[in-house]
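Could you walk me through this protein as if I were new to structures?

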Amino acid sequence: MPSVFIKTYGCQMNERDSEAVAAQLVAKGYSLARSESVADVVLLNTCSVRDLAEQKAINKMKNLIGTARGEKREQIVGFIGCMAQSRGKELIDRLPDVDLVLGTQKFHRAAEYLDDLLSGRTKKIVDVEAEAKSESTIREHLLNGSAKKSVSAFVSIMQGCNQYCTFCIVPYTRGEERSRTIPDIVAECRELVAGGVKEITLLGQIVTSYGKRDIPLLDGKSAFVQLLEAVHEIDGLERIRFTSPHPKGYGDDLVEAYARLPKLAESAHIPLQSGSDRLLKLMHRGYTRERFLGIIHKLREARPDIGITTDIIVGFPGETEEDFEQTLSLCREVEFDNAFIFKYSSRRDTPAAEMPDQVPQEIREERNHRLLETVNEIGKRKYDAFIGRQVQILVEGPSKKNAARYTGRTRCNRIVLFDGSARHQGQLMDVKVTRTGSFTLYGDPAIVNL
Ligand code: 5AD
C-alpha cells in the first residue's frame, strides 16, 4: 500500500487536522512514511495567518517537486488546509506539478481523492467547497497502533469564526462558526480516556463561542461552560485545557468554572492583540483594555497560580508610538508568563489591508524587538520564581531535542525537563524545580521522592 508523509504548518488545530487525516489514511491501508523523501504521497497542511507561513509552504512544495524530479521519482503532492482553502486552484496554476488542493472542510475526503490520483483515474483535484456538518468529521485519532501512546490529546469542538477581526484571514479560511454537539464531543473524549489519555485540549478557532447559536444558556451558563462541565465528568481524565478563546468569552460563568472545576488546568491563553483601546477598536476586537485587565484580575482571584499567555500584533495599520507604549505598559502590568508576538502581515481581502497608515517594516521590526525584550525579561523572572518549588507534571515522553531527557507539563502549562525513562510516560508526578532555561523548567523527581 502507498505511504504518506504529512507536514504541518501553523496552529494546534492544524496539528489535529493532520492527525485526523493520517488516521483516516492508515484506516484505509496507507502507511506513514518516515520522511518525505521515501513517501509515495506528501501532503503539506498549510497556514495562512501570516505571509511568512504561506511562503514557507510554497517553498517547501517547490523543493519537493524539484527533488522528486531530480531523482526521477513519482510522488503525489498536495496542499491541504488553510492556504489550500484561501488560494484554491491558483496554487496549481502557479505550481502545475501539484496534484491535490484540499480545503478545510474536506479533510475527510483525503483518502478517496488520493486513491483516484494514485490509480491515475484523475490527474488533478481541487476541492475547496463548503460542506455542511464537516465540523463533525474530524474525530479519528492515531491513538492505538501508533508508536507513541499519547497521554495528551486534542479534540476539535468547533470550526470557523464569526468575529471578523480586521487583520485576520481565519473567517475566510475556516468559514462560519459550526459546533459539534456536546454528546458527540464527550463520546470522543471518553474513548480517548479509555485509551489512556489523561489530558484533553478542546480546540477551535474561537472556543468561547462554542454552541452559541444552538445551545441555550443553562442557569446563566454558556454552552462552552456546559461543555466543560460535561467533559469534567469523565472518570480517569485528569486535566482539561482549551484554545483559542476570545477575551469577550470570559464571562463570570467561565471565570467561576475555573474556581469550581478542579480538572480545568490553571492556564489560559488569552489573545490580547493590543493594549490600546483605539487599536482594539480598529481591529474589531470587541473589548477594551480595562475589560481585558478585569478578566485577568478575576482569573487570578479564582486561581492564584494560573499561567497566562497571550498573542500580540505589532505594527497594525495606524499604530502610533503611543499605541505601542500602551501595549508595553499592559504587558508590564499583567506580567504574562509568555507572549507570542507577531509583526502585522497584510492579508488579502481583510479590511486592515486597505487601511491607511500602514506601518513601515523597520518600525514593525523595531517594536517586535522592544516588546520581545520586555516579555522575555518578565517571563524569565516568572520562571525563575519556580526554582525550589515542587510542581505536579504530566509526563508526555522523551524530549524532542534530547532523547535522554523526558518532558512534562505543569498544570499551568510550563514545560519541565527531567532525567526520566519510559516508565514515567503518562504518569502524573511531582518534581522539584532546580533551574530554568528559556521558557523551560528543569526538575528533579529524586529530590521529591527522598
Ligand atoms: N498579521 C500578524 N499576526 C496575525 N495574527 C492573526 N492575523 C495576523 C496578521 N494578519 C496573529 C494573532 C493571532 C495569532 C494566531 O496570529 O495574534 O492571535
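Helix 2 (51–70), strand 4 (76–81) and helix 5 (110–119) each give at least two residues to the lining of the second largest pocket. Helix 2 supplies the largest share, four residues. Helices (H or I, at least four residues) and strands (E, at least two) are DSSP runs numbered from the N terminus. This is a predicted model: local features need pLDDT of at least 70, side-chain atom pairs count only at pLDDT 80 or more, and totals for chains, interfaces and linings use all residues. Residues are numbered from 1 along each chain as its sequence is written, and side-chain values use heavy atoms, leaving out hydrogens and water.

In that pocket's lining of 20 residues, Arg73, Glu74, Gln75, Ile76 and Asp99 lie nearest the centre.

Now to the cores, which are sets of buried Ala, Val, Leu, Ile, Met, Phe, Trp, Tyr and Cys residues joined through side-chain atoms within 4.5 Å; buried means under 20% relative accessible area, exposed over 50%, partly exposed in between (1.4 Å probe, protein chains only). The largest has 69 residues, and Ile157, Leu202 and Phe242 touch the most other members. Helix 8 (residues 223–232) brings the largest share, seven residues. Apart from this core lies another of 23 residues, including Ala22 and Ile76.

And the cysteines? With a disulfide being a pair of cysteine sulfur atoms within 2.5 Å, the count is zero.

| Cysteine | Nearest cysteine sulfur | Distance |
|---|---|---|
| Cys165 | Cys168 | 6.0 Å |
| Cys189 | Cys11 | 18 Å |

Cys165 counts as buried at 8% relative accessibility, and Cys189 is buried at 0%.

Methods. 1 Å grid on protein atoms, 1.4 Å probe; cavity = no way out; pocket = protein on both sides within 12 Å on 5 of 7 lines; lining within 4 Å.
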